[in-house]
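These are my notebook entries from a first look at this structure. I wanted to go from a whole chain to single elements, and then to the place where the chains meet.

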Amino acid sequence: MCADLSRTPRTLLVCDRSSFLDHKNRVSSQVEQLHFIYKVSVLLPECNSASSSLDSVFNSFTSFYLIRKLPIYELLDKDFLQSAVYQGSVHGLSFRTRIDEDNCVALMPNGRLTLSLDKDSFELLGFEGKPSRFNHRSCSRFEVSVDLTDSSMAPGGRGYLRLLTGLKSHLQLQTDFLLSHHPGGGASLQALLSRYDWSEHKPKVSRRCLSNLVCPAPRSCDPHSLLEWLGAVDADVRCENSSSSFLSSFVCPEANTTLGHALSVSVSGLLLPHDVQRLIQELSSLSWSPGCP
Amino acid sequence: MSVFMDLNLLFSEDRTRLQNLVETAAHLGFSTVAVNYVFEPSAKKKQEVPAPRPINELIGQLPVVQGRSRPIRVLNRLTVVMSDASHFRPNAPEYRRFDLLAVQPTTEKLFHAACMLHDVDIICISVTEKLPFFFKRAPINGAIDRGVVFEISYAAAIRDATMRRYTIANAVCLMESCKGKNVILASAAEKALELRGPYDIINLGQLFGLSDSDSKESVSSTCRGVLLHAETRKTASGVVFTMKIQQEALQDSADSEAPAAKRAKAT
């Protein structure tokens with residue numbers, strides 16, 4: 001029952017072929033638009049181990065905080081707004097809330113707070129929002145999106161008080177929350193963190209050395225197959241399609257070569273775009289020679 | 001969209017079995033389950049309606065649902081298998097101890113009565129035998145208007161191939177008459193191995209003839225509707241409900257208002 005990726009409704013796969021050496025490549029601008037990055041995987045062909053500078057980049061990803069049972073009205077706290085939201089880029093996401101079952105909360109770096117609520121919660125909250133339509137039928141999820149940097153949402157403003165009353169007394173929304181702040185780190189968040197049960201986490205880095213990896217020749221296959229193959233390598237799926245294995249029938253796209261060894265590194269957690277930018281810069285400055293150190 | 005629920009886990013005296021069932025349900029992602037006490041009155045001897053055991057007696061620590069940070073919610077449900085009109089006594093006080101009330105009619109007349117008259121939440125469609133009667137639009141539409149849902153259970157289909165045929169046939173028959181509205185899919189599982197995850201049940205619903213969104217609703221929003229309907233059975237028009245104060249021996253009780261979130265379905 002797996003859908004052909006090209007026929008799935010409402011997906012967009014943009015494939016851009018360029019080189020890091022080309023100054024006009026759009027990788028950086030694309031990465032800036034991604035607010036919540038969970039995982040970055042890098043596949044380095046013909047490499048045994050990462051160079052020390054690459055390793056240090058991987059290990060220096062900004063750490064993030066997990067706050068247990070954070071009442072969401074705390075995100076409207078004056079001190080938090082002054083010290084964190086107005087200053088730099090704060091990324092926040094509710095943890096362990098399923099988008100099709102629970103209420104979800106996201107805080108974007110540009111100061112936008114978005115709540116994705118089910119019908120009951122939305123009606124209780126009493127704030128403006130619009131229905132979130134997945135198909136063109138009855139809507140059962142609603143989205144409330146406010147710009148915290150807007151003048152009407154300044155502390156004391158009408159919209160601010162309305163949302164604060166809604167979150168404090170009508171709908172006491174409380175979730176586990178992941179929070180990450182780019183310049184300033186823990187210091188500016190300390191006031192908020194000290195009131196609740198919090199823990200600091202570093203993004204997890206995992207490395208795998210792969211041997212005898214079958215890979216498609218570059219520029220030989222279409223983007224969809226290349227994406228499928230990359231995903232299979234990252235998820236450690238066997239691509240042999242042997243008759244005795246019923247788990248997967250993935251095969252490597254045609255016109256393939258075999259690599260002696262390759263290195264797959266992935267880092268996961270609440271990653272910030274600026275850390276990913278540094279990684280891309282480090283990768284683009286690597287000099288490519290077979291058997292790189 | 002609401003949380004995933006499985007409203008039919010068969011009760012068994014064996015504590016470990018029930019505990020396994022609830023733990024598997026929590027592991028699969030169900031946030032609410034209901035333990036089903038099946039009551040089949042026979043004309044020969046007088047039987048008493050079973051009393052529900054308190055949940056903390058049966059299961060020590062409620063397991064946390066996988067992927068969320070809340071423990072699973074366990075409710076009590078009674079299913080009365082009716083083969084005669086006198087088997088279901090409306091407003092019987094024994095029924096009040098259960099959170100959900102279901103009925104399984106075996107003849108056409110009883111089905112009509114259950115849809116239009118009786119104060120129940122769920123009507124079970126039998127899946128272990130060929131349907132003894134055909135579904136007519138009139139009682140089904142009446143039931144949909146009242147907020148009563150129809151339940152199809154799938155554990156029998158897992159056990160036996162003949163049951164699988166009956167389950168699919170009966171389910172497709174039901175979907176043709178009710179057009180996919182007010183249907184819930186539940187397991188009726190006796191063992192933990194007979195439970196399946198919510199997304200698998202959604203796929204199964206599509207096999208029965210439900211559309212994508214109807215199928216997802218049958219495991220989430222419609223079940224939530226059933227729980228709300230059951231709560232309003234204890235209220236007056238869904239607005240006011242009474243609670244017995246434990247200290248007083250008399251029947252005097254305090255009135256209190258139900259929370260604003262509840263929407264009453266017309267009963």
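Entry 1, chain B as a whole. I began with burial, keeping in mind that this is a predicted model, and found that buried residues make up 50% of the 267 residues in chain B. I then looked up the secondary structure and noted 9 helices and 10 strands in chain B. For the contacts in chain B with a separation of 6 or more, I noted that 71% are between residues 24 or more positions apart.

I next asked which residues of helix 8 of chain B are buried. This helix spans residues 212-219 and is mostly covered, with 6 of its 8 residues buried; the buried ones are B:Ser213, B:Asp214, B:Ser215, B:Lys216, B:Ser218 and B:Val219. When I looked for what covers them, I found that the cover includes strand 1 (5-10) and strand 7 (183-186), along with helix 7 (198-208) and helix 9 (221-233), of chain B.

I turned to helix 2 (residues 52-59) and helix 8 (residues 273-284) of chain A, whose axes come within 10 Å and cross at roughly 170 degrees. Because angles over 145 degrees count as roughly antiparallel, helix 2 of chain A is described in that way relative to helix 8 of chain A. From helix 2 of chain A the contact is made by A:Ser53, A:Leu54, A:Val57 and A:Phe58, and from helix 8 of chain A by A:Arg278, A:Leu279, A:Glu282 and A:Leu283. Sorted by class, this contact has 5 nonpolar, 1 polar and 2 charged residues.

Is A:Thr175 buried or exposed? I located A:Thr175 in strand 8 (residues 174-181) of chain A, and since its relative accessibility is 8%, A:Thr175 counts as buried. Setting aside neighbours within four places in sequence, I listed the contacts of A:Thr175 as A:Ile67, A:Lys69, A:Leu70, A:Ile72, A:Ser94, A:Thr97 and A:Asn103.

I finished with the contact between the chains, which takes 15 residues from chain A and 20 residues from chain B. Chain A and chain B bury about 1500 Å² between them, with 33% of it on carbon and sulfur atoms. On the chain A side, A:Arg98, A:Asp100 and A:Glu101 lose the most area to chain B, together 36% of what that side buries.

Terms used
Residues are numbered from 1 along each chain as its sequence is written. Chains are lettered from A and ligands numbered from 1 in the order in which they are written. This is a predicted model: local features need pLDDT of at least 70, side-chain atom pairs count only at pLDDT 80 or more; totals for chains, interfaces and linings use all residues. Side-chain values use heavy atoms; hydrogens and water are left out. Helices (H or I, at least four residues) and strands (E, at least two) are DSSP runs, numbered from the N terminus. Buried means under 20% relative accessible area, exposed over 50%, partly exposed in between (1.4 Å probe, protein chains only). Contact means heavy atoms within 4.5 Å. Axes are lines fitted to C-alpha atoms, for helices over the stretch in contact, and angles run from 0 to 180 degrees between N-to-C directions. Angles under 35 degrees count as roughly parallel, over 145 as roughly antiparallel, 65 to 115 as roughly perpendicular and the rest as oblique. Ala, Val, Leu, Ile, Met, Phe, Trp, Tyr, Cys and Pro count as nonpolar, Asp, Glu, Lys and Arg as charged, and the others, Gly among them, as polar. Buried area is the accessible area (1.4 Å probe) that two parts lose on being put together, summed over both.
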